[in-house]
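Take a look at the model below.

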Amino acid sequence: MVQKVWFITGASRGLGLDMARAALRHGDKVVATARNAKGLVERFGEHKDLVALDMDVTNQQGITNAVTEAVKHFERIDVLVNNAGYGQMGRFETVSSRAIERQFAVNVFGVMDVTREVLPLMRKQKSGHIFNVSSIGGARGYAGSSVYCASKFTLEGWSEGLADELESFGIKVTIVEPGFFRTDFLDASSVSYGDIDIPVYADSNAEHKSMFDEISHAQAGDPAKLGDALVTLTREENPPMRFAAGSDALEFIGSDFARRLLELAQWSKLTCSTDISQ
Ligand SMILES: NC(=O)c1ccc[n+]([C@@H]2O[C@H](COP(=O)([O-])OP(=O)(O)OC[C@H]3O[C@@H](n4cnc5c(N)ncnc54)[C@H](OP(=O)(O)O)[C@@H]3O)[C@@H](O)[C@H]2O)c1
């Protein structure tokens with residue numbers, strides 16, 4: 001089997017780190033990028049199939065440099081994993097515009113900027129596979145996560161359109177929708193809560209935070225197994241447009257589809273009443 005070259009964002013820890021490990025385990029080459037790549041070098045030591053590079057997804061020059069470096073090392077990029085991201089939680093009114101902008105800068109614009117930098121190479125290769133790491137929060141919005149969900153919904157709509165645009169170039173796009181995975185995602189090093197005090201939301205925000213604190217580092221999803229699953233998808237001729245990761249994701253997304261279908265059917269008469277009469 002030909003070794004594939006992966007380019008992974010946010011590989012310092014969590015899902016990104018385990019995706020890097022999985023790709024190496026399966027014999028592929030990895031460009032692991034992180035805001036501080038020093039830790040990655042210490043973690044992996046000298047590894048002939050790994051290059052660790054500094055890259056913040058909000059820094060355009062840094063993105064350009066990292067992609068250039070990656071191509072210098074391995075000549076191609078077969079798999080791009082847009083994984084870097086964090087969760088801006090809190091009831092909408094308690095989240096400032098600046099905090100919303102930061103959320104979109106990382107979870108949306110950062111992904112677009114990295115992808116824009118990699119696409120000319122993939123088009124030239126006439127092949128490539130892009131994984132955009134979304135969330136179950138990209139399938140359904142829920143209280144206390146409206147801003148995070150907005151970023152992931154945006155990511156998903158863009159990914160779907162992009163997949164259509166890139167099909168004729170032989171480039172595939174898969175949206176990954178993880179449920180709860182055991183990473184730092186829900187701890188203070190990653191998740192943020194609202195930065196505006198509004199007394200009426202104090203209790204619900206506090207409840208949300210204590211619920212996440214309770215499940216943090218006890219989530220059921222295994223990042224190593226998600227890494228293996230992505231490797232499996234890179235070997236597929238026809239990978240899915242969306243990949244729900246974890247049994248909780250299956251349940252959450254499945255029940256939402258059922259709810260939406262029911263609502264569509266319930267209101268279908270009124271829906272069709274808006275057509276111009278023939
Ligand atoms: N774990 C879950 O339950 C879960 C569920 C659904 C979706 N997700 C999604 O999965 C992805 C990875 O999350 P995770 O669970 O692995 O969380 P994590 O353990 O908190 O890791 C987040 C990663 O993103 C990186 N990152 C954050 N901002 C960045 C930036 N500006 N530039 C470059 N890297 C940046 C972090 O780097 P630093 O180390 O430098 O901070 C870290 O490597 C995210 O997109 C998240 O939304 C996770």
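About 850 Å³ of space lies in the largest pocket of this predicted model. A pocket, on a 1 Å grid over the protein atoms alone, is an open set of points where a 1.4 Å probe fits, with protein on both sides within 12 Å along at least five of seven lines. The volume is the space filled by probe spheres set on the points, which are joined across faces, edges and corners. The pocket is lined by 40 residues, and Ala 84, Gly 85, Tyr 86, Phe 185 and Ser 190 are the closest to its centre. Lining residues have an atom within 4 Å of a grid point. Helix 1 gives the most to this lining, with 3 residues.

What takes up the space of the largest pocket? The ligand does. A molecule sits in a pocket if more than half of its atoms lie within 2 Å of the grid points.

Now look at the ligand's surroundings. There are 26 residues around the ligand, and Ser 12, Arg 13, Arg 35, Thr 183 and Ser 190 come nearest. To count as near, a residue needs a heavy atom within 4 Å.

A polar backbone atom of Val 57 is 3.0 Å from a nitrogen atom of the ligand. Asn 83 places a backbone N or O atom 2.8 Å from a ligand oxygen. For Asp 184, the distance from such a backbone atom to a ligand oxygen is 3.2 Å.

Residues are numbered from 1 along each chain as its sequence is written. In this predicted model, local features need pLDDT of at least 70, side-chain atom pairs count only at pLDDT 80 or more, and totals for chains, interfaces and linings use all residues, while side-chain values use heavy atoms, without hydrogens and water.

Note on methods:
Polar contact = N/O pair within 3.5 Å; in protein donor to acceptor, adjacent residues only side chain to side chain. Helix = DSSP H or I, 4+ residues; strand = E, 2+ residues; numbered from the N terminus.
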